[in-house]
Each structure stands twice: as C-alpha cells, then as structure tokens.
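Open the model in your viewer and keep the selection tool at hand. The stops below say what to select next and what is there.

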Amino acid sequence: MRLTEKQILIAAILGYFIVFGVLTSLRHYNFETQAWDLAAFVQTMWNTTQGRVMFNNLEQVSNHLGLHMSPWLFALVPGYAVFPTPYFLLIAQTAALALGAWPLYLLARRVIGKKSWSLLLAAAYLLYPSLHWSNFYDFHEITFFIPLFLAAFYFAEIKRWGWAGIFFALAASTKEDAILAVAFAGLYFLFFQKSTSDTVNPKKFGAAMALLAVLYLVIAVKLIMPALGGGVLRFDRYANFGATPVEAVKTAITSPALVARTVFTGEKMLYLLILFLPVAFLPLFSWRTLILLLPGLPENLLTNYAFQFSGLYHYDSILIPAIFIGTVFGARNLLAWRPRWERYFFWGLVVAIAIGFLTRSPINFRNFPLHYFRTSAQEDAYRKLVALVPPGISVAATTNLVPHLSHREHAYALNSERMAVDIVIADLADTFGFKNPEEMNQYLDNYLKSGIYQSQLFNDRYLVIVRQGLKFVSD
C-alpha cells in the first residue's frame, strides 16, 4: 500500500513525538533534569494549581511573570491540574514541537507547491539539531513559540488574518523576547507584502501587529513585570554594551567596532554554521525573511554568555521559526532562478540535513543516550531518597533532585534557600552551586552546628540533614 504525503507527514510527526517523548521522560526519570529550569516550572505550575499564581522559590523573583512575561503558561495549567507531574510538561513540550512540522509543511506546499519539497522541509525541521536540543534541555515556555509562530505565518500566507492574529498573539504570550519577534513579523508584512483590495490589507495588518506588539512589550516590561517584583533582570549578559537597554542600544549604534569584536569570534561563527548548515543556508537566499531573525539573532550574538550561542540549549527557539520560513522562501527563490537544477538543490538539502543531524543532534548514532534505558547505583539511591521525603515540608537538595521534590511550597537547590528548611539532601560528590568542596562543607556545617538538626549518611555519599522532630525513615 502506498502512503499519501499526509500519512507520511503524520508518521514523521508521531515518530518524533514518540522518540523525544520517551527520551525526555527517561532523562527526567534518571535525574538529569535540574532545578534550573524544570523544577522552577514544576513548582510554578503546582503553586498555581494551589492558588499561589505563578509563584516559585527557585527564580530571582517569586512570581515567574516578574522574571519572564509568559502568560502562555496559563494555557497549560488545566492540563497540569489533571496530570500534576513534571512528565506532563515534558510531553506537552514535545507534542508542540512535533506539531510544528504541520504548519511548516502547509506553508511549503503553499509557497513551493511541490510535494517532495514540502515533505523534505518538514523532515529538515524534525531532524534539526537546535530543535532537538531545545526539546531535550528540561522545559521552557519559549519552545511553544516555534509551532505558534509557524502556524501564524501560514495563516497570514493564506490570508486568514483572524487566525493569523490569534496565533501571533499566542506566540507573543510565550515570553518577552517573543513579543519583539512578533513585532518584526509585523514589519515584514508592512514593508514586504503588497497592498491588496482584500478586506484586510497585509500592510495595515503588519503595521497594527507591530504597533500592538511594541505596546504590549512596554506594558509588560515597564508595568506588569516590575509590579510583580521583577523586570528585565538578565541584562547583565550584555554588560559590555551598557547597564540598561537604552544605553546598550546607543553603544551598539555608536561603537560598531565593539559590535564587530563581540560578534565576529570563532565561537559565534561556528554558532552561525550550526544554525544554517542543516538547512543548506537557504534562508540567505530570501533576504526579505531575514528580518524575522531580528531581534533573536542579535540577542544571541551580542552576548558573552556562552550558553546562549552554544546551540545546545533552548536559546535557539526564538530563531527556529524564522530559519525555516526563510528556508521555504529561499528554496522557492532558488527553484525559480534555476529550475533545471532542482535535483541538485534537493539532494544538496538532503546532504545538509544529514550532516547537521549526524554531527549535532543529541540522538544521532554517536550521541544516542542508551544509558537512559539502564539504571545506575546513583539513580537508585536518588529514587530512594526522594521517596523518603514527606509531602508538604520544606526541602533543599542537590540540583538534579529538586525537579522530583517541587510539589511543595518551599523547594530549593542547595545554597539557594531563602530560609532554613526542614530537610537538606546533599550528594557530597556533586558540588554544583558551590565554588568548591570547602564552601559546600561550610554550608552543611551551618545546619549541623545549629543544634536543631540531626544527620544521616547513606552509602558514604548522600548526606541527609533533618530538623529534629521530623520523621525521615531510611531503609
């Protein structure tokens, strides 16, 4: 039986969902998720279902919306109330990223009009290394920006402006930098789409969208986030340009040499290669859609925070929709320029996809995490320790334990607690959060010397410090 193109697409989406659904769940089960960031989101969702809306103890401010303007999280609360487990967040994220292939396929079908190219571009998306790393590294609200923005752009392409507006609004609701990405999408429609006699003029739609996005951004960062005790708090990653956003923009404009020194480094040139090689540099053949990479690409290139341009975390989520929209239009432009070379362009993209996947994906043949399907003595010990912690009491623990202990009002990573907790669980072989083992020992001694705690050492490695009067039963 010959499969239809939609059946092939559905099979590919389901394949992605199954593979990453299983692997991200096993990653959490095997204690490879961390306090930052999965535990912060787990506690935020759990607190919200308990009436403490968007609160957690793990981030810089108590209310997550004070740190990141992410009202999209409210869409996940009903599901979390029914399935109150970290696995719900990981599965929801995987499902959303898998489904992003659908609007991309529809967009390619509309723009290029060829079944083979549409399926290949959907495959390029599902095999894209930066998508895999965004999916793999814990949970982040910005990952939902990817399918929402792709769906919005597709609806705009077919002139379903109402649906386009809804999905652009949803995309903007994922995080504050997503708001700016939507604003630049509005500028794309304003400057690069032709005026029409339709009920909705693309230029007017773009202008309205850009204006509303900027207005929303100003309200978010100047009113809502400060009112919740936060604001744009991570601007220290751009400290080489100035202490405030306005100062940084001014410096960037007046000091092109500083911009060049910051951007044109070996690490960042490799980062650009990582982004564009798996799509055969096709976005560069669609200069108009390059505006969609603003401000996301400068956001990652102008920082000296190495994680942000490593290609191994969620920071590429803001770029992925623009990269693939550019890939669609770049492919169309190349095919229109040299239609007789279609076969070479097609197989060139196939080779680029393969190279990207084989060299960078966390699930390629070299990196595939087979150890997720086995257990270790450390993981068995962690499971026993987590099972022994009573619900409701306050706890501070090694970072990889915290996502499993976050269904409580007070849960912290070691050395980040804002109060003396009831139970401290420390893996003495893991000094994450401390400058050195001596600092960790001093931290633990402060609890032990207080006179109100008792301690127990498991397997000569795992120290549990319990407030007197609380029950902590060992095997």
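Helices (H or I, at least four residues) and strands (E, at least two) are DSSP runs, numbered from the N terminus. This is a predicted model, in which local features need pLDDT of at least 70 and side-chain atom pairs count only at pLDDT 80 or more, while totals for chains, interfaces and linings use all residues. Residues are numbered from 1 along each chain as its sequence is written, and side-chain values use heavy atoms, with hydrogens and water left out.

**Whole chain**

Start with everything selected. The protein has 20 helices and five strands. Its C-alpha atoms fill a box of roughly 80 × 55 × 45 Å along the principal axes. The radius of gyration is taken over C-alpha atoms, and the globule rule is 2.2 Å times the number of residues to the power 0.38. For 475 residues a compact globule would come out near 23 Å, and the protein agrees with this at 24 Å.

Buried means under 20% relative accessible area, exposed over 50%, and partly exposed in between (1.4 Å probe, protein chains only). Of the 475 residues, 53% count as buried. A contact means heavy atoms within 4.5 Å. Among contacts between residues at least 6 apart in sequence, 69% join residues at least 24 apart.

Select Ala-35, which is in helix 2. Is Ala-35 buried or exposed? At 0% relative accessibility, Ala-35 counts as buried. Leaving aside residues up to four places away in sequence, Ala-35 touches Ala-40, Leu-58, Thr-399, Val-402, Pro-403 and Ala-413.

Next select Trp-36 and Asp-37. The peptide bond from Trp-36 to Asp-37 is cis, with omega near 25°. Asp-37 belongs to helix 2, residues 35-49.

Phe-31 is in the loop between helix 1 and helix 2. Phe-31 is not a glycine, but its phi is positive, about 65°. Its relative accessible area is 5%, so Phe-31 is buried.

Go on to Met-54, in the loop between helix 2 and helix 3 (64-67). Met-54 is another residue other than glycine with a positive phi, here near 60°. Met-54 counts as buried, at 0% relative accessibility.

**Helix 6 and helix 9**

Select residues 101-111, which form helix 6; its buried residues are Ala-101, Pro-103, Leu-104, Tyr-105, Leu-107, Ala-108 and Val-111. What covers these buried residues includes helix 1 (5-29), helix 5 (86-99), helix 7 (115-126), helix 9 (145-157) and helix 17 (320-337). After helix 6 comes Gly-113, with a positive phi near 80°.

Now show helix 9 as well. Two packed helices are described by the angle between their axes and the distance between the axes. Axes are lines fitted to C-alpha atoms, for helices over the stretch in contact, and angles run from 0 to 180 degrees between N-to-C directions. Helix 6 and helix 9 pack at about 25°, with axes 8 Å apart. Helix 6 is therefore roughly parallel to helix 9. (Angles under 35 degrees count as roughly parallel, over 145 as roughly antiparallel, 65 to 115 as roughly perpendicular and the rest as oblique.)

Which residues meet in this pair? Pro-103, Leu-104, Leu-106, Leu-107, Arg-110 and Val-111 in helix 6 meet Pro-147, Leu-150, Ala-151, Phe-153, Tyr-154 and Glu-157 in helix 9. By class, the contact has 10 nonpolar, no polar and two charged residues. Here Ala, Val, Leu, Ile, Met, Phe, Trp, Tyr, Cys and Pro count as nonpolar, Asp, Glu, Lys and Arg as charged, and the others, Gly among them, as polar.

**Helix 13 and helix 14**

Select residues 245-254 (helix 13) and 256-263 (helix 14): their axes come within 5 Å and cross at roughly 95°. The two helices are therefore roughly perpendicular to each other. Thr-251, Ala-252, Ile-253 and Thr-254 in helix 13 meet Pro-256, Leu-258 and Val-259 in helix 14. That contact divides into five nonpolar, two polar and no charged residues.

**Last stop**

Select Leu-294 and Pro-295, which are joined by a cis peptide bond with omega about 5°. Pro-295 lies in the loop between helix 15 (266-276) and helix 16 (296-301).
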